[in-house]
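Visitor: Could you take me on a close look at the nonpolar core and the aromatic rings of this protein? I am new to this, so please go step by step.

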Amino acid sequence: MFKTIGILAHVDAGKTTFSEQLLYHTEAIRNRGRVDHKDAFLDSHDIEKNRGITVFADQAVFKHNGTEYTLIDTPGHVDFSPEMERAIRVMDAAILVVSAADGVEGHTETVWDLLRKHRVPTYIFINKTDREGADREAVLDEIRKSLSENVVLLDDGLTPDVIEWMAERDETLLENYLEEGFDEEVWIQVMRRMTGSGQIFPAGSGSALKDIGVLGFFEYLDRLSGGTLPDAEGPFAARVYKIRHDDGGQRVTFLKMTGGRLSVRDEIRIAGESQKVTQIRKYSGYKYTVQDMAGPGELVAVMGLSGIEAGDPLGAEKGRTAFSLTPSLSAAVHFEESIHPKDMLAHFMLLDAEDPSLSVTWDEHAREIRVHVMGLIQLDVLKEIVSGRFGQMITFGEPTILYKETVRTAVTGFGHFEPLRHYAEVHLDITPSERGAGITFKSNCHPNELAIGYQNLVGQVLTEKPHRGLLTGSPLTDLQIALSTGRAHNEHTSGGDFREASLRALRQGLEKADNVLLEPVYDVKIKVATGLMGRVLNDIQKAHGQFGEPETEGDAIRISARVPVSTFMGYPAEFSSFTSGKGSISLRPGGYEECHNPEEVTERIGYDKDADPDYSSSSIFCAKGKGYSVPWHEAEAAMHLL
């Protein structure tokens, strides 16, 4: 059997130390490393050793009770959370480490929400119970309050309290108990099922640093977690987990096998083309072994593939993974004039392949490379990566906020493209959707009106990349776009005609719409002395944030708020100063909300919707053998299908 398990936590909760103990006990490593000693097995990169944090999602392979495990150690710092989310999608189970000294923190809740979104069975380890002042029961209560009330502590095994707790959640289990008495294997089977379905969350506690409770906790995970049996029947299916480049610069594609077999020299269809697998590797740390074949459940790295990224399905696997965590900042890359921009752009495109959230672009107007990032620490790490891998020194410009745009009410957009010997017409119903939904497309057009191939092309054009809004040129989001009708010409239509007509229809609809500017916000949690509550609430209001009812906790107050990133990004430093480091604050990406100062932002960015070379809201018609332009406000009346 094969199982992939992940270790996740808020930074400094001790997950890498937990991983070291687990690998040592399963004889995957001979010596236990430590983060502070810079010799942890899974923090092998120089950047990780020097900073004492996990930056990259690395993996280790070990065997236990006849099962081959792949353990993925994920970053705990919010700046590298997209790397963590990409790893979650291929996990069979997850261990969430919570510090008994710090409790549930902002990023802990982010991780929890992602695990629930991707339906990953989750086990909780309460770490650092040996710390002075640590209160396991208080933290357990906080976990049940903040994450889930269905957390069951198994430190002492299946005690009468645990048996009663389980029986309350499964009537058949209670009946079995009353009729036949307690049978541990029956209860384990029920717990396995309920854990797998997300109905309960087994927990343990101890100290990873002092090797207390780690092995006993893992024994329960081994008994309760599901995996994949090595049955290679059926078609090949896999999902891309990450992209890396090895020391020789070769592209390495990491896959989670979900069905069938994959052998060296097999060909995989990618974007309509066949690509041959030239090597299959299994990594453990920075080392790897080569194998001829991989089967279901295995996590392997293959050579020879290109044109794909993390989250993509391969073979019979369906559906591209949609990731929740996206950067809210953009920064320009600055480098020496002696370096050709194309050379530096090539370096960053390699990094973009490894981390798609960077969204590396070349801004032709400003003649600069821009990247998207989660925070300032990520910029510092990128400097070190570029220096270490490519031998180039870079800096970054002042980060700017990444805005987005949507519409407030539904509109219909019309686009027509008919220069001489070309023809396409598209009508789109554009409707606002809920926050965070992105852009979705469907066709309500009958095949008798427009061939299915052309309908699919319209959908591809509208969803293959972000499109700019009218207010600031920021990416459009949270829209449902439906193709209501369209028309092609038997002789004169080509695929490019529908690209033109679709984009013109989208733009024409936006011209008529009530456009809305969105800005990124933080979900903020603050714990501060009661005497400082007024100061903090006033700061939140000045930052155009909103807060809920403060909660009293002893002589402290807990405050939850949602605040724009643009006004609150630097607040943690100010908070630390006036609280003398005695308060706690966590900023968690909270998605997008309506911008608090749209007019100011629009004026500052200065986007000219009529001068964008990639978009036009006018339509092109043809008369007397010559094409002519019709402005957006007259285009609807000129459409052929009305």
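Guide: Let's start with the core and then move on to the rings. Keep in mind that this is a predicted model. The largest nonpolar core has 48 residues. Those touching the most other members are Phe-348, Leu-351, Phe-396, Val-524, Ile-526, Val-536 and Phe-568. Helix H11, which covers residues 376-390, contributes the most to this core, with six residues. Leaving aside neighbours within four places in sequence, Phe-348 is in contact with Val-333, Val-360, Val-371, Val-386, Ile-394 and Phe-396. Another core, of 40 residues, lies apart from this one, and its members include Leu-71, Phe-125, Ile-188 and Leu-224. As a general point, nonpolar side chains in soluble globular proteins tend to be buried together.

Now for the rings. Across the whole structure, a search finds 17 aromatic pairs. In one of them, the ring centres of Phe-62 and Phe-218 are 5.8 Å apart and the planes meet at 65°, so this pair counts as edge-to-face, a label for angles over 60 degrees. Phe-62 belongs to strand E2 (residues 58-64) and Phe-218 to helix H9 (residues 214-224), so the pair ties together parts 156 residues apart in sequence. Phe-62 and Phe-218 are both buried. Elsewhere, ring pairs join Tyr-241, Phe-254, Tyr-283 and Tyr-288 into a cluster.

Arg-116 lies over the face of Trp-112, 4.6 Å from the ring centre. Likewise, the charged end of Arg-169 sits over the ring of Trp-165, at 3.7 Å from its centre.

Terms used: Residues are numbered from 1 along each chain as its sequence is written. This is a predicted model: local features need pLDDT of at least 70, side-chain atom pairs count only at pLDDT 80 or more; totals for chains, interfaces and linings use all residues. Side-chain values use heavy atoms; hydrogens and water are left out. A nonpolar core is a set of buried Ala, Val, Leu, Ile, Met, Phe, Trp, Tyr and Cys residues joined through side-chain atoms within 4.5 Å. Buried means under 20% relative accessible area, exposed over 50%, partly exposed in between (1.4 Å probe, protein chains only). Helices (H or I, at least four residues) and strands (E, at least two) are DSSP runs, numbered from the N terminus. Contact means heavy atoms within 4.5 Å. Rings of Phe, Tyr and Trp (its six-membered ring) pair if their centres lie within 6.5 Å; planes under 30 degrees apart count as stacked, over 60 as edge-to-face and the rest as tilted. A charge sits over a ring if NZ of Lys or CZ of Arg is within 6 Å of the ring centre and within 35 degrees of the ring normal.
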